[in-house]
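Dear colleague,

Please find the structure below.

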Amino acid sequence: MASAVLTAERDSDNVLQIAMQVPDISCAACTLRIEKSLEKLSGVERVRTNLASKTVYVDVCGISEETVLSNIRQLGFSPASFERDAELDALAGETNSMLARLGVAGIGMMQVMMYAIAVYLAGDSGIEPAYEKLMQWASLAMTTPVVFYSAAVFYRNAWRDIKAGQAGMDVPVSIAILAGFCVSLVGVGSEFGEVYFDSVCMFTFLLLIGRFIELNVRRKYFDDINLSNTFVPTSARLEVTNELVNVGKLMIGARVIVRAGEVMPVDGVIRQGRADVSEMAFTGESMPLTRETGQRVLAGSECLVGYVVVEMLVEPKFFVINKMAELFRESTLYKPLFAKLADRIAKYFVAIILLLASLAGIYWYLAGAQDWFVIALTVLVVSCPCALSLATPVAYTVAITALRRFGVVVRTGEFIEKVAQINHLTFDKTGTLTQAKLTLEKVVVLESMTRAQVLEICGALEKVSRHPLAMAFKDFDTLTVDKAKSEVGLGVSGLIHDVLYRFGSASFAIGENIKEPEGEGIWLLLASDKPLAWVNLRDEVRPGSSALLQWLRSHGYGYSMLTGDSASEAQRVAELLSIDSFESRMTPLQKMSSIQQAQATSDVVMMVGDGVNDAAAMGVATASIAISPVDTIVQEAAEATLMKADISKLAGLLDYSKKVTRVIRQNIFWAVAYNLLLIPLAVAGLLEPWQAALGMSFSSLFVVLNATRLRAVALVNL
Amino acid sequence: MEGVFMLIPVSLVIVFMVITVFVWSVKNGQYEDLDKEAQRILFDDDELDIDTTPSPNPKTKDN
């Protein structure tokens, strides 16, 4: 993946800025080694590394990128492509400036509190007016940068909202801060005036903490998307010209060369050569598999040994790995029902609280109260529904990020809501509960053919199929097939030497059910106009399946198994895993209606599958998850994708979704309760401004911190 | 107690210096990667002094 590895920009002073991602940076020592080594190169002006995002930035003058790259490679690292994400850059800048604002507000708050406490401590006996004025002037000096630098972010947002004709949460916040500051300014000027600098500073500081955490949550989220992109090279070596070409410019059918140590740049079929390929990114299986001519490979898998020519089959945006990243991005757009409602209410809410605050002010003014303006301000602060508007979105952002790390890519946040309600899981058999690594056990020939002839025909037919079954015949590939067709969930058919062969379940092959030979496993029939041979395949149960089902049973979940295979094989697997409810010989449509029937009897069903034949069932199920799919169709149908084929993670997912719902309920309850409780008190004039500031900012902080409890998905011990 | 009239302005000056230094350090990117700096102390400097000339076994790396 040599020279497409990085983004390089040339600066005005002839300084070349190189940015790259080094996925195998795993600790501080790695970053320090890279820094040390690069700094020794002449021509390197500045090196910066970031452990968290695994990025390296180098400024060089007078030397080429290749020099820097080979230096890093010599250290044993493999620099990868890195697209500078404008969004991520902006977010990083925003975090930094937010940190500066937060720091200034924090320091300011501490100082102002100190001056305020001196005055409070003096109590009723009073402090000498000269000292009190000194404290007030000092507080004013400290509060000015807080109000005009730290809080400026609120005014900017508020101004943007007003210009757009909306009223966001920042409008009342800005009014409160500026009005509080102005009232205090008047207080400093007059002889016995009250000041509220401490409240203003505290309000600003605590609100900024909430914003800062929220910003970091969002940044982590985008960091993750970036990491999932890094493993695919952005350029590929064309077979014809031996030149490196941008993958985006390749046409379907283009042939590229992939050598040992390189990462597959495209989804396609091997046309020449063989290689040991690790599909770690998709299956979690680190053991390399041998891939030969005619077999599919996925972009992002690593070619460890060998040399292959790969023909690109689909456009880059349909690469499985790109689809995964896209699904993950899509999940940002989702707004849970409640958040939508909160957004809609918020608009009116802001108008209502402005009205409420002015009414309270007018009432107390007419009643002759001295501090009518302060009461109005207190009402304004206390009634701000910031916490309510943060309650759900923050929780979902944290949850989706955590799930991504856990190995579950969620397409919509709604998935988490739905999984929490699941009480029944329906599993596909082959490839889901079992490993789908089928081995050929036996061939029972019915007509005058040899075993080899049967297998050659089957192998030729299965070339068109992507079903795990087809893998068992990968060694038999000599005959050419015409009009080959794969009927999803049933079998394959095609013309070989002008004879139409059908291979699959008996009902598919000859149109009627005939008795299978004795013996465990899957029996498939090869037929022309008459039955020719039975082929017996055996599949192994996926490790973790049994433990998962046991966990489901003990936690009150129902489960069942649907399979397109024969009754005897279904029986065997069901007995191994002690599944009471299973249905065999099902077509994709039957799977679908079986789920609909279950749903009619008040079951909330999640479909767990892996192949195209489960897509329809996934569509009707309440929730659906695909286990390390190799087809974008399956990814499209399922709402979530389990990246590493570790089925026991489903237990963790079910458990976690309940936790997410719980946290969201707590957040909403707290936010609503806070507003309902404190608004009457504020209107009655029973709240001090600092109490209002504390209450309001703490309620925001509470929901954000509560949401960050969801940071990690606990692996359930099975 | 007259000293207060002197000390409070002095404290203000110090605080503004602190603020300036803090804002400078944030803008300078000192807070961008806290993990690395936290772990740096665990590694000896000379251990990291590696030869950049090609080594017989360039694939080795320590994790």
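Is Glu311(A) buried or exposed? Glu311(A) counts as buried, because its relative accessibility is 16% (buried means under 20% relative accessible area, exposed over 50%, partly exposed in between, with a 1.4 Å probe and protein chains only).

This is a predicted model, in which local features need pLDDT of at least 70 and side-chain atom pairs count only at pLDDT 80 or more, while totals for chains, interfaces and linings use all residues. Residues are numbered from 1 along each chain as its sequence is written, chains are lettered from A and ligands numbered from 1 in the order in which they are written, and side-chain values use heavy atoms, with hydrogens and water left out.

Salt bridges

Over all chains, the structure holds 9 salt bridges (a side-chain nitrogen of Lys or Arg within 4 Å of a carboxyl oxygen of Asp or Glu). In one of them, the side chain of Glu311(A) meets that of Arg271(A) at 2.8 Å, N to O. This pair links distant parts of the chain, 40 residues apart: Glu311(A) is in strand S11 and Arg271(A) in strand S8 (helices, H or I with at least four residues, and strands, E with at least two, are DSSP runs numbered from the N terminus). Arg271(A) is partly exposed, at 36% relative accessibility.

Lys591(A) forms a salt bridge with Asp428(A), with the closest N and O atoms 3.0 Å apart. Asp428(A) lies in strand S13 and Lys591(A) in helix H19, so this pair ties together parts 163 residues apart in sequence. Lys591(A) also forms a salt bridge with Asp614(A), at 2.7 Å between the closest N and O atoms. Asp614(A) is in the loop between strand S22 and helix H20, so that pair ties together parts 23 residues apart in sequence. The relative accessible area is 3% for Asp428(A), 1% for Lys591(A) and 0% for Asp614(A), and each is therefore buried.

Chain A and its cores

Chain A has 23 helices and 24 strands, and buried residues make up 54% of its 718 residues. In the largest nonpolar core, which has 129 residues, Phe427(A), Leu552(A), Met606(A) and Ile625(A) touch the most other members (a nonpolar core is a set of buried Ala, Val, Leu, Ile, Met, Phe, Trp, Tyr and Cys residues joined through side-chain atoms within 4.5 Å). Apart from this core lies another, of 23 residues, including Ile18(A) and Phe77(A).

Interface of chains A and B

In chain A, 40 residues are in contact with 36 residues of chain B (contact means heavy atoms within 4.5 Å). The area buried between the two chains is about 3500 Å², of which carbon and sulfur atoms give 65% (buried area is the accessible area, with a 1.4 Å probe, that two parts lose on being put together, summed over both). The count of salt bridges between chain A and chain B is 0. On the side of chain A that touches chain B, H1(A) gives the largest share, 10 residues. That side divides into 22 nonpolar, 11 polar and 7 charged residues (Ala, Val, Leu, Ile, Met, Phe, Trp, Tyr, Cys and Pro count as nonpolar, Asp, Glu, Lys and Arg as charged, and the others, Gly among them, as polar).

Yours sincerely
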